[in-house]
Amino acid sequence: MSKNAFVVLDNIGKRWKGQLGVEHISLEIEEGEFVALLGPSGCGKSTTLRLLAGLEVPDEGRIIIDGTDVTSMPAAKRNLSMVFQSYALFPHLSVAENVMFGMKVRRVPKKERLEKMQNALDITGLHGLEDRKPSALSGGQRQRVALARAIVAGRKLCLMDEPLSNLDAKLRNAVRKDIKKLQSDLGMTIVYVTHDQTEAMSMADKVVLMKDGRIEQVGSPEQLYSEPTTTFVAEFVGAPPMALIQGAALDGFTHLQTIGVRAEKIRVATNNHRMTCTVTDCEFLGAETFIGLAHEQANGLTLKLDGKADMKIGMQVKITFDDQDLHVFDPAGQRVDPR
Amino acid sequence: MSDLAKLERRRRAIFGWLLLSPAAILLSLFAFYPSVATLWSSLFSRGTRRRPTEFVGTENYTDLFADPTFWIVVKNNLIYAGVTVPLSMFIALSMALWANSKISAKGFVRTAYFTPTVLPMIAAANLWLFFYTPGLGVLDQIGALFGLPSVNWLGQPETALWAIIIVTVWKESGFFMIFYLAALQTIPVDLREASDLEGAGRWTYTRRIVLPMLMPTTLFIAVNAMINSVKLIDHLFILTKGGPSDASKLLLYYIWEQAFAFFDAPHAAALTILVLLVLGIVAAVQFILMERRTHYQ
């Protein structure tokens, strides 16, 4: 394992009273990278972030940030900033005071403090709200105050713990773009925790998918999408996720194998069909329609059709797909390279 | 406006008044009416068999202001309030901060601090009587170990008031601690973490974040502590009876004495009105002053 990366997590483990938190977490993050820790709730992604932040101390393993071993260092010394899920704004302080709190604590001269604060408010578009208390702000504005507080110190590493989960869907999209732009403008390294795979896939350079306290797969969004290493990844990533079919249902595969196929690779069969399914639901999204299909030996089969498509629920549909688009998994759920 | 909307509005108004009425009736009956009645009776002379009650205007008040005991009692009560209010609040806050931190036996500590509150004041006073008793008392016994002379804490004018003050602080701190503890638990943990990340130490966090966020509680406790400094006199009956030579006499005890020992109701009424007036003014000032610096969530 090379120790030259900007952030290195080396075989980190953390347990609470014997209960597993995270285990064998090894990860390298390059400077300027946007890394998303993705996984279902309880998978240990927030724990990993808190260990990295120094809010928890690992039972084993080492953490290196920017060449320094920070494993036993308190949070304040790790030279990083953090955006909390709840934003953790100080309710009795105004926006300006919230943003300047850290600099005041560190006794940054007043002139520099005000300059940096103005700059941070410029970037986050919070001008005119300096004197408001957090309770007088909307959810989106509070979120931006939290961002401003995180960027004002100019730390190279910024941790974000589900920063968008308290926003409505439309705002979430907008802020997603803002964060991404902020990151590339300021050249920050961001470690971003989310349970929303769309968020992770659309923002991150590298996605770390976790399950039960372990890392399941690390890779670029494309890699996770097109080469899932396990059935768990296959079923977690993508909207809709990959359909999994028991090998026995298809010719040319054994009953021990599980076959995965993406919705966009499934076609309605014109002559030779490979499966016959029942329509369970129709989801019209404007540009395309997703048709949910049921088959007793398959899970999550979805057919993607362009535009508006009408299929009656309960209707039988014959479908087919090409061998080259299939993903094959062994009985343990591990990816098997295509023959 | 349509008839339906009018009807609805009236219905809501009636509903509101119905909700208010139980408290309004009880308060009028047992607080407002007695206050007014007291004010009224403070304007009349004390009736004897030979001289019936007559209207004397402010004479009862001028009597009081001319009475040296009154001024001693006022001074005593000012010292009593001036020491017990800030001291018990400070101790309450310190205990709450400690009992709220990550210590082992947290439950035990909290219970121990709260015990004095559970005891009736009379019982607590008897307990302290045992502490203070010259010769036999715990304080003297401990003092004797170090060869200190016996002190009659409650029996000499120099120490009597202070002995009373200590009992009050001991009794009240635990009670106020509960309020602080409750308020502390509403402060989210991630505020602590956010300030940790910014490099704020424990003291900075307490001073810049915790104390301002406790302001509503502090205001509430301050008003209560001040009212208690007038109200809480049960222990005087057990410990000193206001003595020696009025050294530990407090306003409410004096009022009781006037009314039920000397049977001078008009003077007691005048005293009561004065106390109500002062308490009202101080509470109003406290609210106005602290409101400005208080953040409510």
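**Domains and helix packing in a predicted model**

The domain assignment of chain A gives domain 1 (7-231) and domain 2 (240-336), with bounds taken from an automatic or database assignment. The model is predicted: local features need pLDDT of at least 70, side-chain atom pairs count only at pLDDT 80 or more, and totals for chains, interfaces and linings use all residues. Residues are numbered from 1 along each chain as its sequence is written, and chains are lettered from A in the order in which they are written.

Over C-alpha atoms, the centres of domain 1 and domain 2 of chain A are separated by 37 Å. Four residues of domain 1 of chain A are in contact (C-beta atoms, placed from the backbone, within 7 Å) with nine residues of domain 2 of chain A.

Helix α2 of chain A covers residues 95-105. Eight of its eleven residues are buried, so α2(A) is largely enclosed by the rest of the structure; buried denotes 20 or more other C-beta atoms within 10 Å of a residue's own. Among them are A:V95, A:N98 and A:F101. The buried residues of α2(A) pack against α3 (110-124) and α4 (139-151) of chain A. Just after α2(A), A:R107 adopts a positive phi of about 60°.

In chain B, helix α5 (residues 121-132) packs with helix α7 (residues 157-185) at an angle of about 130°, their axes 11 Å apart. The contact involves B:M121, B:A124, B:A125, B:W128 and B:Y132 of α5(B), and B:A163, B:V167 and B:K171 of α7(B).

How values were computed:
Axes are lines fitted to C-alpha atoms, for helices over the stretch in contact, and angles run from 0 to 180 degrees between N-to-C directions. Helices (H or I, at least four residues) and strands (E, at least two) are DSSP runs, numbered from the N terminus. Two residues are in contact if their C-beta atoms, placed from the backbone, lie within 7 Å. A residue is buried if 20 or more other C-beta atoms lie within 10 Å of its own, exposed if 12 or fewer, and partly exposed in between; C-beta atoms are placed from the backbone.
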